[in-house]
Amino acid sequence: MKKMMAANWKMYKSHFEARATLQDLLYLAKNLPENREVLIFPPFTLLDAVAEQIKGVPDYALGGQDVYPAAEGAFTGEIAPGMLQDCGCSWVLIGHSERRHVLGESDEFVGKKTAFSLESGLNVVLCVGETLAQREAGELSIVLARQMDTGLGSVGNSLEPACLCIAYEPVWAIGTGRVAGPKEILEAHAQTREHLEKKFGDNGKNIRILYGGSVKPENAAEILTLDNVDGVLVGGASLQAESFSRIILS
Ligand code: PGA
């Protein structure tokens, strides 16, 4: 199973900046080690441009940062799975904590998006993770169980494992510089694995679980050696080719 090295560019970059970043990234990390796969989530406005630059580069893939669970229709401002595929996306990011906590997305809506995207042929990175208040109240297990059960509630049990990644991103570690420690990551990833095996049986062993939250070149190697860590989802440190390439190659 290749480790998934995912870049979440959030609401950053012009065309000029994206092209320059990609050019540098492909110079620094075009030939990936055999056990690495790279996935870029740019803003919608940059999907075409990034698709063009990574076209034909082995083990580089493109994803949308969000999706609406319908094939088409009167949903102003939204984007359909088929539209992402039309731009060259094979993946979509769903349930990121900024969408849950800033934009107010519910677990149910996240679940609808996940099921509809998979049915439409897109691979999904589904994000889960607790807030600081929930962690301090001892609610990690409850939150993970709810987000996993509802997020995957309408997904068939016979899912092809390569089509799904779960990204465990503790909200208190996102963009704060405060990375979760090995003990915290091991605990949350083990619980996530348990849920996956409960739902998907043996296939649940082969669904990748990514860690996200203040991943940097300095801590990536250690995080990637932990049990049940099958990749990383990187925000801030993915915006520069220099730091993201060091993470990819760590
Ligand atoms: P960060 O963001 O690496 O800047 O903490 C991670 C994410 O939001 O996916």
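Okay, one definition before we start: the expected span of a helix is 1.5 Å times one less than its number of residues. Keep that in your head for a minute, and keep in mind too that this is a predicted model.

So, helix H8. It covers residues 182-200, which makes 19 residues. From the first C-alpha to the last, H8 reaches 26 Å, close to the expected 27 Å.

Now, which residues of H8 are buried? Going along the helix, we have Ile 185, Ala 188, His 189, Gln 191, Thr 192, Arg 193, His 195, Leu 196 and Phe 200. If you're looking for a pattern in that list, remember that an α-helix has 3.6 residues a turn, so residues three or four places apart point the same way.

As a reminder, side chains of opposite charge can pair when their charged atoms come close. Searching the whole structure turns up 16 salt bridges, and I'll walk you through a few.

Start with Asp 59 and Lys 2, whose closest N and O atoms sit 2.9 Å apart. This pair links distant parts of the chain, 57 residues apart. Asp 59 is in the loop between helix H2 (47-54) and strand E3 (60-64), while Lys 2 is in the segment before strand E1 (3-8). Buried or exposed? Asp 59 has 31% relative accessibility, so it counts as partly exposed. Lys 2 comes in at 28%, so that one counts as partly exposed as well.

Next, Lys 10 with Glu 98, closest N and O atoms 2.8 Å apart. Lys 10 lies in the loop between E1 and helix H1 (15-29), and Glu 98 is in helix H4 (residues 97-101), so the bridge ties together parts that are 88 residues apart in sequence. Here the cut-off matters: buried means under 20% relative accessible area. Lys 10 has 19%, so it's buried, whereas Glu 98, with 30%, is partly exposed.

Last pair: Arg 99 and Glu 105, with 2.7 Å between the closest N and O atoms. Arg 99 is partly exposed, with a relative accessible area of 25%; Glu 105 is buried, with 10%.

Definitions and conventions. Residues numbered from 1 in each chain as written. Predicted model: local features only at pLDDT ≥ 70, side-chain atom pairs only at ≥ 80, totals over all residues. Heavy atoms only, no water. Helix = DSSP H or I, 4+ residues; strand = E, 2+ residues; numbered from the N terminus. Buried < 20%, exposed > 50% of the residue type's maximum accessible area, 1.4 Å probe, protein only. Salt bridge = Lys/Arg side-chain N within 4 Å of Asp/Glu carboxyl O.
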